[in-house]
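Q: Can you walk me through this one? I am new to it and would like to go topic by topic.

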Amino acid sequence: MKPLNIVLVEPQIPQNTGNISRTCAATGARLHLVGPMGFTVDDKKLKRAGLDYWHLLDITYYEELTDFFARNEGPFYYFTTKAPQRYTDVAYPDGAYLVFGREDAGLPEALLVENQEACVRLPMIPDARSLNLSNTVAVGVYEALRQRDFAGLLDTGRLRGYEWK
């Protein structure tokens, strides 16, 4: 089974990227960071949010969006507040790329218009602008993993001082 791919296009906030890195590491998803970014990858805030998960992370860096598309074939699903369909209305195949835009601007609208059938959104009240990027990524990742019945993930936790019956 091919891993899930998370793509951040021009992320601006290191703590968001750190949290998303941790989500990717904990779920086995691959992370793709598309520049230009609003921080450097040695930023303390980025590392602190990802903390002790960096050794579990599969990460690839790209100069810009054209570089990313030249090196990857999809299928791509574009998460945007502007989408006409819900994220739960899509079946995410193995190896899918969940693509997220920068915190302050989202994805380029020209890209969205060219790929309308692959644009998805999380439902919100009309007056809400958007959810936090790291929260949105987590929701998208876990929906795609739920559709695979969480294959390859540990789904029973362990107690430290007790045993489950």
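Predicted model: local features only at pLDDT ≥ 70, side-chain atom pairs only at ≥ 80, totals over all residues.

Q: OK. How many salt bridges does the structure hold?
A: The structure holds seven salt bridges.

Q: Which residue forms a salt bridge with Glu 10?
A: Arg 102 does, and the closest N and O atoms of the pair are 3.2 Å apart. Glu 10 lies in the loop between β1 (5–9) and α1, while Arg 102 lies in the loop between β6 and α4 (109–114), so the pair ties together parts that are 92 residues apart in sequence.

Q: How accessible is Glu 10?
A: Glu 10 is partly exposed, with a relative accessible area of 23%. Arg 102 is also partly exposed, with a relative accessible area of 23%.

Q: What does the side chain of Arg 102 meet in the salt bridge at 2.6 Å?
A: The side chain of Asp 104, with the 2.6 Å taken from N to O. Asp 104 has 54% relative accessibility, so this residue counts as exposed. Salt bridges that share partners join Glu 10, Arg 102 and Asp 104 into one network.

Q: Is Arg 148 buried or exposed?
A: Arg 148 is buried, at a relative accessible area of 16%.

Q: Changing topic: how many aromatic pairs does a search of the whole structure find?
A: The search finds eleven aromatic pairs. In one of them, the rings of Phe 68 and Tyr 97 have their centres 5.9 Å apart and their planes at 70 degrees, so the pair is edge-to-face.

Q: Where do Phe 68 and Tyr 97 sit in the chain?
A: Phe 68 is in helix α3 (residues 65–71) and Tyr 97 is in strand β6 (residues 97–100). The two are 29 residues apart, and the pair links distant parts of the chain.

Q: Are those two buried or exposed?
A: Both Phe 68 and Tyr 97 are buried.

Q: Which residues do ring pairs link into a cluster?
A: The cluster takes in Tyr 62, Phe 68, Phe 69, Phe 76, Tyr 78 and Tyr 97.

Q: What about disulfides, what does the count come to?
A: The count comes to zero disulfides. As for cysteines, Cys 24 is buried, with a relative accessible area of 1%, and Cys 119 is buried too, with a relative accessible area of 2%.

Q: Let's look at Ser 21. Where is its place?
A: Ser 21 is in helix α1 (residues 14–27). Ser 21 is buried, with a relative accessible area of 3%.

Q: What is Ser 21 in contact with, leaving aside its neighbours within four places in sequence?
A: With those neighbours left aside, Ser 21 is in contact with Leu 31, Trp 54 and Leu 57.

Q: Now the surface. Which residues form a nonpolar patch there?
A: Leu 159, Tyr 162 and Trp 164 form one, and together they have about 410 Å² of accessible area. Tyr 162 is in the segment after α5 (133–147). Tyr 162 is exposed, with a relative accessible area of 65%.

Q: On to the backbone. What joins Gly 35 and Pro 36?
A: A cis peptide bond, with omega about 0 degrees. Pro 36 lies in the loop between β2 (30–34) and α2 (44–50).

Q: And what joins Gly 74 and Pro 75?
A: A cis peptide bond as well, with omega about 15 degrees. Pro 75 is in the loop between α3 and β4 (76–79).

Q: Back to Glu 10: what is its phi?
A: Phi of Glu 10 is near 55 degrees, which is a positive value in a residue other than glycine.

Q: What about phi of Asp 149?
A: Phi of Asp 149 is near 60 degrees, again a positive value in a residue other than glycine. Asp 149 is found in the segment after α5, and with 64% relative accessibility Asp 149 counts as exposed.

Note on methods: Residues numbered from 1 in each chain as written. Heavy atoms only, no water. Disulfide = S-S within 2.5 Å. Buried < 20%, exposed > 50% of the residue type's maximum accessible area, 1.4 Å probe, protein only. Phe/Tyr/Trp six-rings, centres within 6.5 Å; stacked < 30°, edge-to-face > 60°. Helix = DSSP H or I, 4+ residues; strand = E, 2+ residues; numbered from the N terminus. Contact = heavy atoms within 4.5 Å. Patch = residues over 30% accessible without salt bridge, like charges linked within 9 Å, V, L, I, M, F, W, Y side chains within 5 Å. Areas by Shrake-Rupley, 256 points an atom, 1.4 Å probe, with all protein chains shown as cover. Salt bridge = Lys/Arg side-chain N within 4 Å of Asp/Glu carboxyl O.
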